[in-house]
Amino acid sequence: MKKLIIIASSTLLTLLTLACLAGYWGYQTIIDYSQTPLGLTEPKELTIARGTSVNQLASQLEADGVIKTTWKLKWLLKFRPELAKIRTGLYEMAPSQTIVDLLNDLVAGKVKTFSLTLVEGKTIAEWEQQLASAPHLQLTPEVFSAVLMEQGDDSALPEGKFFPDTYHYTADSDAKVLLTQSYQMMAQELAKAWAERVPGLPLKSPYQMLILASIVEKETGQAFEREQIAGVFINRLNLGMKLQTDPTVIYGMGDRFKGNITRKDLVEDTPFNTYRIFGLPPTPIAAPSKASLLAVSKPAKVSYLYFVSRNDGTHVFSSTLEEHNRAVDIYQRKKK
């Protein structure tokens, strides 16, 4: 009888040992699986909708070819239930990630971030096209004007009032949030430039500074000339001369501009034709950079009244009409 008990005990011990070994092997297999690279050759987006369960996640990853089977992932989440606390959002999976890397991102809510660069020298119309094509960004009609109203600006004139910079957002963000930041940044930079301006500028308000800065932005091909270009326009305003700058004419033409300005365009009466009007146009013609604001705030002290393009982004500056005409003959008329 004792011998039977001993044999039975030995058998039970062996079975328990085998069970433990099998359990350990299974656990280790699942842990090793957690370090398996995702089945990707390039980055891929993953959307976790509200209420997505662990089983739904596993099925979604299998359907997308990210994992081969679902059972190991389900067992991993049983062994490590903290990894099952996934958050909603749009994520980006990368080939370099492992299974556990992805789950850690889902638990931490490390959603995909997008960047949007609003480039200086562009118009509101051009930015609207850019916003419309931005991925996963919610855009409402007349969004620029809507931001103005929310910020207490009832002018309905958004041109030039938004700061060009790179902005970051997550999926399904409202473009209005980004543009509110942009509007506030421009207001801050403009206020600073106005407060630090040199004495005697022929500008009556920060808005006039904004208008002139937008013209300087459009005329500047090389950054080192920015203060000189601002100096030319300041000199012309001080003397009561017309600004005679092509970018304002182009802006006034709108969609009619097809790449060239004709003599007819230069004599057309529009509020933006600075070959016809004296002083500044009624609004900015583009988004000026911080550098252009500062250039107008502190223009170069020069005697120049004219400049003409060398066709390489730089200009020849002249103090007299005679000098200017010679430069035009060299760089423009001979080119034609």
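Predicted model: local features only at pLDDT ≥ 70, side-chain atom pairs only at ≥ 80, totals over all residues.
Two residues are said to touch, or to be in contact, when heavy atoms of one lie within 4.5 Å of heavy atoms of the other.

Ser 319 itself belongs to the loop between strand S8, residues 315-318, and helix H13, residues 321-333. Its relative accessibility is 24%, and because buried means under 20% and exposed means over 50%, Ser 319 counts as partly exposed. Between the C-alpha atoms of Ser 319 and Gly 152 there are 43 Å in space, and the two residues are 167 apart in sequence.

The protein chain contains 13 helices and 8 strands. Its radius of gyration is 33 Å, whereas the globule rule gives 20 Å for 336 residues, and since the value for this chain is well over that figure, the chain is more spread out than a compact globule. The C-alpha trace, followed along its principal axes, spans about 125 × 45 × 40 Å. Of the 336 residues, 39% are buried, and the chain exposes about 18,700 Å², of which carbon and sulfur atoms supply 55%. If we consider contacts between residues at least 6 apart in sequence, 64% of them join residues that are at least 24 apart.

How do two helices of this chain pack together? A pair of packed helices is described by the angle between their axes and by the distance between the axes. For helix H7, residues 175-195, and helix H8, residues 206-219, the angle is about 100° and the axes are 10 Å apart, so H7 and H8 are roughly perpendicular to each other. On the side of H7 the contact is made by Met 186, Leu 190, Ala 193 and Trp 194, while H8 contributes Pro 206, Met 209 and Leu 210. Sorted by class, this contact has 7 nonpolar residues, with no polar and no charged ones.

Although Ala 223 and Thr 314 are 91 residues apart along the chain, their C-alpha atoms are separated by 9.4 Å.

Helix H9, residues 226-239, holds Arg 236. Is Arg 236 buried or exposed? With a relative accessible area of 5%, Arg 236 is buried. From Arg 236 to Lys 218, which is 18 residues away in sequence, the distance is 17 Å from C-alpha to C-alpha.

Gln 244 is partly exposed, its relative accessible area being 36%. Its backbone also deserves attention. Most residues other than glycine have a negative phi. Gln 244, however, has a positive phi of about 45° although it is not a glycine. Asn 311, in the loop between strand S7, residues 306-309, and S8, likewise has a positive phi, near 75°, and is a residue other than glycine. The relative accessible area of Asn 311 is 41%, so this residue is partly exposed.

Next comes helix H10, residues 246-253, in which Pro 247, Thr 248, Val 249 and Met 253 are buried. The buried residues of H10 pack against H8 and against helix H11, residues 263-267. Just after H10, Gly 254 takes a positive phi of about 65°.

Our last stop is Ile 277, in the loop between H11 and helix H12, residues 290-297. The C-alpha atoms of Ile 277 and Gln 244 are separated by 8.7 Å, with the two residues 33 apart along the chain.

How values were computed: Residues numbered from 1 in each chain as written. Heavy atoms only, no water. Axes fitted to C-alpha atoms, helices over the stretch in contact; angles between N-to-C directions. Helix = DSSP H or I, 4+ residues; strand = E, 2+ residues; numbered from the N terminus. Parallel < 35°, antiparallel > 145°, perpendicular 65-115°, else oblique. Nonpolar A, V, L, I, M, F, W, Y, C, P; charged D, E, K, R; others polar. Rg over C-alpha atoms; globule rule 2.2 N^0.38 Å. Buried < 20%, exposed > 50% of the residue type's maximum accessible area, 1.4 Å probe, protein only. Areas by Shrake-Rupley, 256 points an atom, 1.4 Å probe, with all protein chains shown as cover.
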